[in-house]
Amino acid sequence: MLGLIGKKVGMTQVFDAQGRLTPVTVIKIEGNVVVADRTEEKNGYKAAVLGSIDKKKSRCTKPYAGQFEGICEPKQCLVEFRDYDKEVKVGEVLGVDIFKDIAFVDVTGTSKGKGYQGGMKRHGFGGGRATHGSKFHRDIGGTAMSSTPARTFKGHRMAGHMGNERCTVQNLRVVRVDEEMQVLMVKGAIPGPAQSVVIVKKAIKK
Amino acid sequence: MDVIRAIEAEQMKENAENFSVGDTVKVFFKIVEGANERIQIFEGLVIAKNNSGIRRTFIVRKISYGVGVERIFPLHSPRVEKVEVIRRGRVRRAKLYYIRDKVGKAAKVPEYIRKKEA
């Protein structure tokens, strides 16, 4: 599966040849270095490990920095891609051009943290009436049955922390690949705030 | 942010905004019908401009067979071929939404006449 590590730059819009507007998210690909190559003989599976975004050497532990020895400067972000479609060598720098012939991608990131939220925002519960003497506004309502089973089942949807979790948006259309700026544009929104690290992969369902 | 600015600058037309609110303009709008391409002209009063940068749009209002018609055009759209100013208007606000409720003479915008430099 082809993939790269990128940084979300932000959103804008582009006109196509017919003059139609497309909302796009801009993803910057910053020097993806192949740090390790996992092989069938040695590791029992095939994969490529990519690193991106420089990290100060003084901020790394020696074992962490050791992975990069003789290859490149230590990187902040290390991601293993299983069954990498492309033949890669350790030390090779991959650019955005590998997405040139790909129409759809999946983007994984960490969603924006929303804090502690109630059932209406977190799970889309309906809530109750605001007026006409109603005393039931934004509550979650009943959570269980009566004397049998006389308990609330595990995993019941309630208020709690929302956002700031890993999430993937699938099947985003690649609008443009700009090799000069090392930038990838996909149609629509992707998880997380601007400047956050995202993983772009070839769409698995297309 | 600079990357986004560069992408937007690529698509922006230069000196596209040659008119202001209150002007009567002709908008040359490209229409694609299958393989054919023709230009449709929409003539009316500019009652507002919104947003900035690549997202800049303007609203043109005209009265067609007694019915008010408004169209929003993206200023930098490749389908807006050009905007021709027919008459400059003298207005005192940025948004002329009040015109929607006016009829007859009250719905008119006086012409902007530049005083001769002495």
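A:Arg176 and B:Glu10 form a salt bridge, with their closest N and O atoms 3.2 Å apart. The model is predicted. That pair is the 1 salt bridge the rule finds across the interface of chain B and chain A. Helix H1 of chain B gives the most to the side of chain B that touches chain A, with 7 residues. On chain A, a closed barrel of 6 strands includes several of the strands that this helix lies across.

**The interface between chain B and chain A**

- The contact draws 15 residues from chain B and 16 residues from chain A.
- About 1,300 Å² is buried between chain B and chain A. Carbon and sulfur atoms give 67% of that area.
- Counting residues where both are at pLDDT 80 or more, 4 residue pairs are in polar contact between the chains.

**Helix H1 of chain B on chain A**

- H1 of chain B spans residues 2-11.
- The helix lies across four strands of chain A: S1, S2 (21-29), S10 (166-178) and S11 (183-187).
- H1 of chain B runs at about 40° to S1 of chain A.

**B:Glu8, a residue of the helix**

- B:Glu8 sits in helix H1 of chain B.
- Is B:Glu8 buried or exposed? B:Glu8 counts as buried because its relative accessible area is 10%, under the 20% cut-off.
- The side chain of B:Glu8 reaches the side chain of A:Thr12 in a polar contact of 2.7 Å.
- Neighbours within four places in sequence aside, B:Glu8 is in contact with A:Thr12 from chain A, and with B:Ile54 and B:Arg55 from chain B.

**The barrel of chain A**

- The 6 strands of the closed barrel run in the order S1-S2-S11-S10-S7-S12, with antiparallel pairing.
- From one strand to the next, the twist averages 50°.
- Strands S1 (residues 3-15) and S12 (residues 197-202) of chain A run antiparallel and are joined by 5 bridges.
- One position in that pairing is A:Gly3, whose bridge partner in S12 of chain A is A:Lys201.
- Strands of a sheet, parallel or antiparallel, pair through backbone hydrogen bonds.

**Chain B as a whole**

- Chain B has 1 helix and 5 strands. Along the sequence, the pattern is α-β-β-β-β-β.
- Of its 118 residues, 34% count as buried.
- The C-alpha atoms of chain B fill a box of roughly 45 × 45 × 30 Å along the principal axes.
- Take the contacts in chain B between residues at least 6 apart in sequence: 51% of these join residues at least 24 apart.

**B:Tyr97, after strand S5**

- Where is B:Tyr97 placed? B:Tyr97 falls in the segment after strand S5 (80-87) of chain B.
- B:Tyr97 is classed as partly exposed because its relative accessible area is 32%, which lies between the 20% and 50% cut-offs.
- Which residues does B:Tyr97 contact, leaving aside its neighbours within four places in sequence? The contacts are B:Ile47, B:Ala48, B:Asn50 and B:Ile59.
- B:Tyr97 and B:Asn51 are 46 residues apart in sequence. In space, they are 16 Å apart, C-alpha to C-alpha.

Notes. Residues numbered from 1 in each chain as written. Chains lettered and ligands numbered in written order. Predicted model: local features only at pLDDT ≥ 70, side-chain atom pairs only at ≥ 80, totals over all residues. Heavy atoms only, no water. Pairing = 2+ DSSP bridges. Helix = DSSP H or I, 4+ residues; strand = E, 2+ residues; numbered from the N terminus. Axes fitted to C-alpha atoms, helices over the stretch in contact; angles between N-to-C directions. Contact = heavy atoms within 4.5 Å. Buried < 20%, exposed > 50% of the residue type's maximum accessible area, 1.4 Å probe, protein only. Buried area = accessible area lost by both parts, 1.4 Å probe. Salt bridge = Lys/Arg side-chain N within 4 Å of Asp/Glu carboxyl O. Polar contact = N/O pair within 3.5 Å; in protein donor to acceptor, adjacent residues only side chain to side chain.
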